[in-house]
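Please keep the sequence and the structure at hand while reading.

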Amino acid sequence: MKKTWWKESVVYQIYPRSFQDSNGDGIGDIPGIISRLDYLQKLGVDVIWLSPVYESPNDDNGYDISNYQGIMNEFGTMADWDRLLEGLHSRGMKLIMDLVVNHTSDEHAWFLESRKSKDNAYRDYYIWRDGKDGKEPNNWASIFSGSAWKLDETTGQYYLHLFSLKQPDLNWENEKVRREVYDMMTWWLDKGIDGFRMDVINMISKVEGLPDAAGEDKYNDGGKYFMNGPRIHEFLQEMNREVMSKYDVMTVGETPGVSPDEASFFVSEDRGELNMVFQFELMDIDSGPGAKWNVIPWKLAGFKQIMSKWQYELEGKGWNSLFLNNHDQPRMVSRFGDDGKYRKESAKMLATLLHTLQGTPYIYQGEELGMTNVRFDTLEEYKDIETLNMFREYREAGRSEAQIMESIYYKGRDNARTPMQWDDSPNGGFTTGTPWLKMNPNYVHINAKESLEDPDSIFHYYRRLIELRKQHEVIVYGKYDLLLEENDSIYAYTRTLGEERLLIILNFFAEPVTFHLPDNVQYNGAEQLIGNYEWPAEANLRGLELRPYEAQVLKLK
């Protein structure tokens with residue numbers, strides 16, 4: 001297996017709007033991020049992934065870009081951005097930017113031209129179609145609910161928007177569009193960035209003819225016609241040839257709906273596409289029929305099965321990305337741990353999992369403090385477009401408000417977007433003004449200041465996990481083997497590289513449980529590398545009592 005810096009790195013995702021405000025307007029900004037670089041250096045992360053900071057009307061919090069080569073006023077200036085890059089590089093950290101090229105904002109200069117007339121030079125930069133029988137060109141549903149098409153009065157045609165009305169899809173079949181994108185990527189790489197996280201990159205190729213989706217609803221999921229489309233690999237190989245291959249940088253593609261088999265095409269080292277992908281199979285583990293908002297209980301057996309499938313099937317073929325939350329997902333300690341009595345123990349346990357599998361770990365801001373989901377009192381306090389659209393749609397369909405609010409408390413994207421909790425002063429040290437999104441009220445006891453002062457904090461545990469990865473190649477490159485597949489409480493596995501063997505034992509629940517190392521795993525003693533409880537001197541791995549949410553990483557002799 002080829003060794004590279006991005007396999008050995010730990011990535012930290014910053015959601016700029018919620019990280020640190022420097023000027024009292026209630027919105028996080030780039031100077032705010034710069035003021036916290038020493039904190040990130042202390043944590044020990046190698047790469048910062050910056051969610052979009054480009055010019056944008058902010059319909060979808062910056063994922064609707066109106067100028068790819070400008071910085072949003074609320075976040076600062078390009079000079080601030082230059083200072084950020086310099087501050088990261090001088091501390092030995094790298095920066096990857098968000099690349100959002102499935103769609104632009106409807107306020108982007110290209111779209112403003114495109115909608116003027118059918119024969120405008122930019123018309124073909126987007127996907128325009130005539131209606132069918134007085135309706136939309138097809139029955140695809142937007143990912144943010146409703147139709148994926150919008151009628152534009154000027155020319156009487158519809159444009160495709162897989163996301164919000166203000167996010168028209170680019171037409172990747174047009175070579176000029178691809179050239180514009182590659183030129184823009186080159187411009188950023190020449191400024192010195194270290195790679196890209198590519199937003200919904202597997203949606204850029206659509207099936208010719210854009211056929212109707214199966215289903216009885218007015219609008220149906222057309223994913224099979226726009227995810228992993230016919231030319232996706234051709235486009236990514238071209239992008240790699242024209243741009244990425246000329247620099248030593250990392251790429252991670254957001255690819256909803258891929259299987260390990262499909263993922264191996266994206267990340268196989270000899271194909272020249274991407275370094276790794278974000279897949280969301282685990283993120284759907286608690287989604288019932290009707291997708292995300294229909295919450296069902298998850299089971300550890302299913303959790304292990306998904307994790308192990310990706311570990312085994314990409315082994316030797318390509319590289320995994322490892323994450324349990326991000327800006328689109330609920331907080332991991334609330335979802336997969338216990339955000340009450342065992343918040344610290346369960347947050348450390350989940351972190352142990354994340355940092356001891358094969359792949360590059362991604363930490364989402366505040367995760368290292370054990371930040372939790374939030375329960376706002378009223379819908380008015382929520383800001384996320386997906387949440388608000390869903391609420392309206394579900395109310396119209398007759399669901400009770402209380403029922404919908406429970407789904408939002410569990411799954412809503414604003415759970416991850418409440419501002420970073422720096423200390424116990426008003427607004428958690430995030431802003432001197434009114435935060436754009438309300439603080440989680442628990443900031444008074446869950447915050448960075450408290451974490452840095454407590455040697456037993458989640459933050460310091462993360463720091464040690466990150467150090468451990470740098471000291472033991474087996475954690476990065478070792479082979480993964482699942483143990484006790486049928487156990488409903490324990491997730492245990494080994495990592496092996498040459499003579500070195502690690503055993504990771506995780507109790508996923510509050511109930512104590514006994515761990516029995518299978519007889520076919522030989523050992524003459526074990527040394528604790530890290531754990532969220534003291535390691536008992538007389539411990540016997542053939543009958544070890546695990547405490548609530550216990551995590552142990554052991555070096556087997």
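The lining of the largest cavity, in this predicted model, is made up by class of seven nonpolar and four polar residues, with no charged residues at all.

**Largest cavity**

- The residues that line the largest cavity are Gln279, Leu282, Ile306, Met307, Trp310, Gln311, Asn320, Ser321, Leu322, Phe323 and Leu354.
- Two elements, α9 (300–314) and β14 (319–322), each give two or more residues to this lining, and α9 gives the most, with four residues.

**Largest pocket**

- The largest pocket has a volume of about 1500 Å³, and its lining consists of 48 residues, of which Ser142, Ile143, Ala291, Lys292 and Glu386 lie nearest the centre of the pocket.
- At least two residues of the lining of the largest pocket come from each of α6 (223–226), β13 (291–295) and α12 (385–396), and the element that gives the most is α12, with five residues.
- Divided by class, the lining of the largest pocket holds 17 nonpolar, 15 polar and 16 charged residues, whereas the lining of the largest cavity has no charged residues.

**Second largest pocket**

- For the second largest pocket the computed volume is about 360 Å³, and of the 18 residues that line this pocket, Lys2, Trp6, Asn240, Val249 and Asn275 lie nearest its centre.
- The lining of the second largest pocket comprises, by class, six nonpolar, seven polar and five charged residues.

**Helix pair α8 and α9**

- Helix α9, which gives the most residues to the lining of the largest cavity, also packs against helix α8 (residues 260–267), the two axes coming within 10 Å and crossing at roughly 45°.
- With that angle the two helices, α8 and α9, are oblique to each other, and their crossing is right-handed.
- On the α8 side the contact involves Pro260, Asp261, Ala263, Ser264 and Val267, which meet Lys309, Trp310, Glu313 and Leu314 in α9; by class, the residues of this contact of α8 with α9 are five nonpolar, one polar and three charged.

**Helix pair α12 and α13**

- Helix α12, which gives the most to the lining of the largest pocket, has an axis that comes within 10 Å of the axis of helix α13 (residues 401–411), and the two cross at roughly 155°.
- This crossing angle makes α12 roughly antiparallel to α13, and the crossing in which α12 passes α13 is right-handed.
- Thr387, Met390, Phe391, Tyr394 and Arg395 of α12 make the contact with Glu401, Ile404, Met405 and Ile408 of α13, and the contact of α12 with α13 has, by class, six nonpolar, one polar and two charged residues.

**Helix pair α5 and α7**

- The axes of helix α5 (residues 175–191) and helix α7 (residues 232–242) likewise come within 10 Å, with a crossing angle of roughly 40°, which makes α5 oblique to α7.
- The crossing of α5 and α7 is right-handed, and the contact is made by Arg178, Arg179, Tyr182 and Met185 of α5 together with Phe235, Glu238, Met239 and Glu242 of α7.
- In the contact of α5 with α7 the residues divide into four nonpolar and four charged, with no polar residue among them.

Terms used: Residues are numbered from 1 along each chain as its sequence is written. This is a predicted model: local features need pLDDT of at least 70, side-chain atom pairs count only at pLDDT 80 or more; totals for chains, interfaces and linings use all residues. Side-chain values use heavy atoms; hydrogens and water are left out. On a 1 Å grid over the protein atoms alone, a cavity is a set of points where a 1.4 Å probe fits but cannot get out, and a pocket is an open set with protein on both sides within 12 Å along at least five of seven lines; lining residues have an atom within 4 Å of a point. Ala, Val, Leu, Ile, Met, Phe, Trp, Tyr, Cys and Pro count as nonpolar, Asp, Glu, Lys and Arg as charged, and the others, Gly among them, as polar. Grid points are joined across faces, edges and corners, and a volume is the space filled by probe spheres set on the points. Axes are lines fitted to C-alpha atoms, for helices over the stretch in contact, and angles run from 0 to 180 degrees between N-to-C directions. Angles under 35 degrees count as roughly parallel, over 145 as roughly antiparallel, 65 to 115 as roughly perpendicular and the rest as oblique. A crossing is left-handed if the near helix is turned anticlockwise from the far one by less than a right angle, and right-handed if clockwise. Contact means heavy atoms within 4.5 Å.
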